[in-house]
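Please read the numbered points below with the model open.

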Amino acid sequence: MTPSSSLPSWLPALKKAVGASILSTDAESLQIHGGDAWFAHALPQVVASPRTTEEVSRLLKFASKHRIPVTPRGAGRGYVGGCVPVHHGISLSLSRMNKIKEVSLADSVAVVQPGVITVDLKKAAEAKGLYYPPDPASFKESSIGGNIATNAGGPRCLKYGVTRNYVLGLEVVLASGEIVRTGSRTHKNKMGFDLVGIFVGSEGMLGVVTEATLRLIPSPKARAAAVATFKDGKGAAAAVSRIQQAGFLPSALEVADALTLRAARAYTSNVPEGNAFLLVEIDGQPPAVRAELKLLHSVLSGCQPVELHVAPNDAACEKLWQMRREFSYSLKATGLTKLNEDVTVPRGRLLDLFHFAEKLEKKFKLQVACFGHAGDGNIHVNLMVVPERANSKEAIQALDALFAQVVAWGGVITGEHGVGLAKKRWWPTSTSPQLRDLHQTMKKALDPLGILNPGKFLG
Ligand SMILES: Cc1cc2nc3c(=O)[nH]c(=O)nc-3n(C[C@H](O)[C@H](O)[C@H](O)COP(=O)(O)OP(=O)(O)OC[C@H]3O[C@@H](n4cnc5c(N)ncnc54)[C@H](O)[C@@H]3O)c2cc1C
């Protein structure tokens, strides 16, 4: 992707329209705003960091008039190149709009600007005894605007749902510069179409989120967890079924395969023996959690675990999570490049997915490590390749095969990260022509000139 070398001719007029203080063209800033956590990179010509909705609106009016591409950016921690300005133009950073405007105990809502980092909202809610459940593993770095634009999920989706389930209202600036407010601060709303839902997950292609009203719920008073390991994936899958049949709705149900466990043992201590790993977390009122933990222990004991450990309180749970969070880093520490996919299959296909990963290993002679959110059927299938082969024919073919199989099972090629640039190749093969047309119709209705985040899966 060609970097731009000279200042754009429209820069002086843009300075007049929005004010020079929110614009930057220094090489370092352009470089930083060219990439995210994936490996694509393209330089914007200008970085704009507005502080108000009105500045965003003026900027988009100008961009529409002059047909300049605008790529919204939150914290730049996306995994699919979503905020990479492939058509150059303006990188619109929302990072300065980072105020938590309100956390209301009475209404159980928070009103925030898009640049708020997710962990800061969680802490502000906790301080009032409230809970904002969406927990992408990047929650200490990613922004609420980015979470909304990607409809981010995480381990606690099984019980609590994804970001969409917590967005009650949005202020959005359209490509034309028009400011619209949709939804409300009520917990129910059936006024017209679900326009909030159209913007959530729209990956910066339909509008720029400048404010969000988010649903908060009471904070669970206690949590506990159990970790069990098994001889093989079949044992872990059977345990997942037993847990569900016993009537549990865990707040998290995480699995990992043998390769992930081997990498973790090489990287950190206290990883239990066994070839398949299961972490189950429950939460609620303390007496209920104590009773459920007892029952959970008995269910898991009956599943012939290799090891079984319980974490009866918050501190012990955190230790287990610490180990679980090391999985990703352990795989990275192997020195191989981790092509981190986030496919999601119908729950009943979980074991099939693990078996299919083994087939991919043999067929394409590469290692495949699987771990993730068993309760949602959302598994990170990580193709482990030598760095210089990350974009190789075999890696692409292995992904072709994986995605084709997932779609054939009725699954989706991304459950969390989005399509962005990374999965653009598979957008046509994973969707129907009718669905693609509908996306284009909506895109044309909201962004007729195609200035918002061009070059991604809608072209
Ligand atoms: C270590 C790691 C772990 C991760 N774990 C998870 C996980 O568990 N679950 C998960 O879902 N994701 C995960 N991700 C992916 C990523 O963190 C999420 O997609 C996150 O929501 C991105 O937020 P961001 O602020 O970094 O957005 P960015 O990367 O800046 O942007 C992402 C997309 O949102 C658009 N956008 C950003 N802000 C706005 C706005 N205000 N208005 C309109 N569009 C906007 C951009 O144009 C882009 O298309 C992980 C990433 C990393 C690096």
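1. Surface. The accessible surface of the protein amounts to about 19,900 Å², and carbon and sulfur atoms account for 55% of that area. Accessible areas were computed by the Shrake-Rupley method with a 1.4 Å probe, and for residues only the protein chains shown count as cover.

2. Basis of the note. This is a predicted model, in which local features need pLDDT of at least 70, side-chain atom pairs count only at pLDDT 80 or more, and totals for chains, interfaces and linings use all residues. Residues are numbered from 1 along each chain as its sequence is written, and side-chain values use heavy atoms, with hydrogens and water left out.

3. Overall form. The protein contains 15 helices and 19 strands; helices (H or I, at least four residues) and strands (E, at least two) are DSSP runs numbered from the N terminus. The C-alpha trace spans about 70 × 55 × 40 Å along its principal axes. Its radius of gyration is 23 Å, which agrees with the value near 23 Å that a compact globule of 459 residues would have. That radius is taken over C-alpha atoms, and the globule rule is 2.2 Å times the number of residues to the power 0.38.

4. Of the 459 residues, 54% count as buried. Here buried means under 20% relative accessible area, exposed means over 50%, and partly exposed lies in between (1.4 Å probe, protein chains only). Among contacts with a separation of 6 or more, 73% are between residues 24 or more positions apart; a contact means heavy atoms within 4.5 Å.

5. Charges. The protein has 53 positive and 39 negative charges, and their mean positions are 3 Å apart. Lys and Arg count as positive and Asp and Glu as negative, while His and the chain ends are not counted. The place of a charge is taken as NZ of Lys, CZ of Arg, CG of Asp or CD of Glu.

6. The open sheet. Four strands form an open sheet with mixed pairing, in the order E1-E2-E4-E3. Its edge strands are E1 (23-24) and E3 (70-73), each of which pairs on one side only. Two strands are said to pair if DSSP finds at least two bridges between them. E1 and E2 (residues 46-48) run antiparallel and are joined by two bridges, with serine 24 having valine 47 in E2 as its bridge partner.

7. Strands E5 (residues 100-104) and E6 (residues 109-112) run antiparallel and are joined by four bridges. Isoleucine 100 has valine 112 as its bridge partner in E6, and valine 103 stands opposite alanine 110. The two strands form a hairpin with four residues between them, and serine 108 in the turn has a positive phi of about 50°. E6 is also joined by four bridges to E10 (residues 208-215), again in an antiparallel arrangement; there alanine 110 stands opposite leucine 214.

8. Glutamine 113. Leaving aside neighbours within four places in sequence, glutamine 113 is in contact with Arg51, Met97, Asn98, Lys99, Lys101 and Thr210.

9. Two loop residues with positive phi. Most residues other than glycine have a negative phi. Arginine 67 has a positive phi near 50° and is found in the loop between helix H3 (53-66) and E3. With a relative accessibility of 58%, arginine 67 counts as exposed. Asparagine 270 has a positive phi of about 70° and lies in the loop between helix H9 (258-267) and strand E14 (276-284). Asparagine 270 also counts as exposed, at 68% relative accessibility.

10. Histidine 439. This residue lies in helix H15 (residues 433-446) and is partly exposed, because its relative accessible area is 29%. Not counting residues up to four places away in sequence, histidine 439 touches Trp427, Phe457 and Leu458. Histidine 439 and phenylalanine 327 are 112 residues apart in sequence, and their C-alpha atoms are 36 Å apart in space.
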